[in-house]
Structures are given as C-alpha cells and as structure tokens.
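Hello,

Here is the structure we talked about. Please open it and keep it beside this note as you read.

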Amino acid sequence: MKSLLLLSLAFSSLLSTNQPLSYNTSSPILNQGENGFYYAWGTPSNYLLMEYGLSSSGNLSWHGLESYQTVSGSSLHPGEAWGSMVIWVAPCSGKVNLNGFMEKGTNQGDGVNLGIYHHSFENKSEEALFSKFVESSSETLKFDYNETISIKKGDSIIFYCDSGMARSNSSDSCGCPFVISYTQMENDLVENEDLSKYLCVGRAGDIGGFTHVDTKFAASNLSGNQKETNKGCKGEIASLFTGLAAFYALLTIKRRKDNEN
C-alpha cells in the first residue's frame, strides 16, 4: 500500500512538472524579469531596460528617457524618437503558441509602427513575425495573430511599437495582449534561472546610431617592461607635444651654454 502511495505521488509530481508553461503579457510586472518579461525602450535590435519611477505624466510607471514612453502590462506608449517594447525570454527550448493581437489604441495621431519579432540569442538576429504601419485613418486598428513557432532557450519574443516616420507620439497608445503557451517543451529548463543574461541590452550610443570604438591608451606588452600608446589622433597629438617639449628643453639648454660662454 505504501509503495502504491509513493508511486502515485511520484507520478503526480511528474505530471505537474511536465505541464505546459503559459505566460500573459497583460499581467504587469513588479520587477524586470518577472515571469520572463522585460520592459525596454529603443529598437528591437538595440534597446535599454526601462526604469520604474515617476514618469513625465507624474505617475509611477515603467518608463524610458522620453516623454510618455511607458509600458504597463500589454499597454505600450512610444517616445517620439524611440519605441517601447515588451520582451519575453524563453526559459526553455520547444514550440510556443503566440495568441493575441497588436493594436493602435485610438484613431487619432499620425500613425504608429507595430511589430512582433523573434530574436535568436544564438544568431543575434531578429525575424519579423508581424510588422505594419497603422495609420489613424485605417479602418482596422486591431490585428489578430495566432501562430506556433519553434524557439530555443534564451530566444526572445518582442512586442514593439514606435511613433512612425513623423516622430510625433501624440495619441500613440498601443496594445499587445498575448498569451504565450508552450505546446512542446525540451528538458533544458532551469528553475529560477536569471534570464537577463540572454538579453541583448545595448548602450544609449548604440540606440542613437553611434559606433563605439574600443581604443587602447596604454597597455603593457608581454614582458611588462614597456608601454604601448594608442595610434589614433590623440596618440599622434601626444607624440607631437612630447617632441615639442623635448625641442624646447634642448633649445633652453643651448641658450644657457651660449650665455655662459
């Protein structure tokens, strides 16, 4: 009897751990990474995580740098220059069903870009699952989406909106209510794993389109006895000033000797 009870408990535990995981964008998060969700601003390929605090509206919310650039659950509002997004990171490999819709909230304003992107952590690239510019005069403001896709552990699904080419975010509220459900799961799930390591968070300069160049200003060689200065403009200018200083030092010494003679 005891053996049957233990077997029954083990079987129940196995069933519970193998139940498909499901996630809902409509549930606001209290901390970045909660249920695998992150709120960010920028573009799908270059973004920074939002901060929680007083936004430009005077309310407490997750916000970016720009006015009214906020996210709360499945409600998004872009900035003027950069978009807002909800990012979900896959905790394990398998297949997920994305069931919901992308929506422009009102028929006011000058239009928005809406998008759903699948970011491959392995390839560091995005695939647009859905992308559309929605004018305010459009007859359809809501776009249903229901697809099942293959996904790898660490991949991201990004629900995105921005203010369009005119860069005016007036009346640009958007929505992305989605249920993300695993229909097939592999065995690479790690309980309570920090999924932020799979994000591709950039720098503000990356979002602005600037190219960051790493430059060595001083580095020891293998022997550790000499220093190697950088070869760029600053290095050339430094060398020039060093040469001029040496020249003037020699000139001063020569004048002193001439005066002594």
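**What I found**

Threonine 25 sits in the loop between strand S1 (22-24) and strand S2 (37-42). Strands (E, at least two residues) and helices (H or I, at least four) are DSSP runs, numbered from the N terminus. This is a predicted model: local features need pLDDT of at least 70, side-chain atom pairs count only at pLDDT 80 or more, and totals for chains, interfaces and linings use all residues. Residues are numbered from 1 along each chain as its sequence is written, and side-chain values use heavy atoms, with hydrogens and water left out.

Threonine 25 is buried, at a relative accessible area of 2%. Buried means under 20% relative accessible area, exposed means over 50%, and partly exposed is in between (1.4 Å probe, protein chains only). A polar atom of the threonine 25 side chain lies 2.7 Å from the backbone oxygen of cysteine 176. Beyond its neighbours within four places in sequence, threonine 25 is in contact (heavy atoms within 4.5 Å) with residues including Phe37, Phe159 and Phe178.

**The sheet**

An open sheet has 6 strands, in the order S3-S2-S8-S13-S10-S11, with antiparallel pairing. Two strands pair if DSSP finds at least two bridges between them. Which strands stand at the edges? They are strand S3 (47-49) and strand S11 (125-134). Each has a single partner strand, so one side of each is left without a neighbour in the sheet. The twist averages 25 degrees from one strand to the next. Its angles run from 0 to 180 degrees between N-to-C directions, and the axes are lines fitted to C-alpha atoms.

Now look at one pairing. Strand S10 (residues 112-120) and S11 are antiparallel over 9 bridges. Histidine 119 stands opposite glutamate 126 in S11.

**The cores**

A nonpolar core is a set of buried Ala, Val, Leu, Ile, Met, Phe, Trp, Tyr and Cys residues joined through side-chain atoms within 4.5 Å. The largest one has 37 residues. Trp88, Leu98, Leu114, Ile116 and Phe159 have the most contacts inside it. Several elements give two or more residues to this core, among them strand S8 (83-89), strand S13 (156-162) and strand S15 (178-185). Its largest share, 4 residues, comes from S12. A second, separate core of 13 residues includes Ile87, Tyr117, Tyr160 and Leu199.

Valine 96 lies in strand S9 (residues 94-104). Is valine 96 buried or exposed? It is buried, with a relative accessible area of 0%. Valine 96 and isoleucine 151 are 55 residues apart in sequence, yet 7.0 Å apart in space, C-alpha to C-alpha. Not counting residues up to four places away in sequence, valine 96 touches residues including Trp88, Ile151 and Tyr182.

**Aromatic pairs**

How many aromatic pairs does a search of the whole structure find? It finds 9. Rings of Phe, Tyr and Trp (its six-membered ring) pair if their centres lie within 6.5 Å; planes under 30 degrees apart count as stacked, over 60 as edge-to-face and the rest as tilted. Tyrosine 39 and tryptophan 62 form an edge-to-face pair, 6.1 Å centre to centre, with 85 degrees between the planes. The pair links distant parts of the chain: tyrosine 39 is in strand S2 and tryptophan 62 in strand S5 (residues 60-63), 23 residues apart. Tyrosine 39 is buried at 1% relative accessible area, and tryptophan 62 is buried at 9%. Finally, Tyr23, Trp88 and Tyr182 form one aromatic cluster.

Best wishes

Note on methods:
A polar contact is a pair of N or O atoms within 3.5 Å; within protein, one must be able to donate a hydrogen and the other to accept it, and residues adjacent in sequence count only if both atoms are side-chain atoms.
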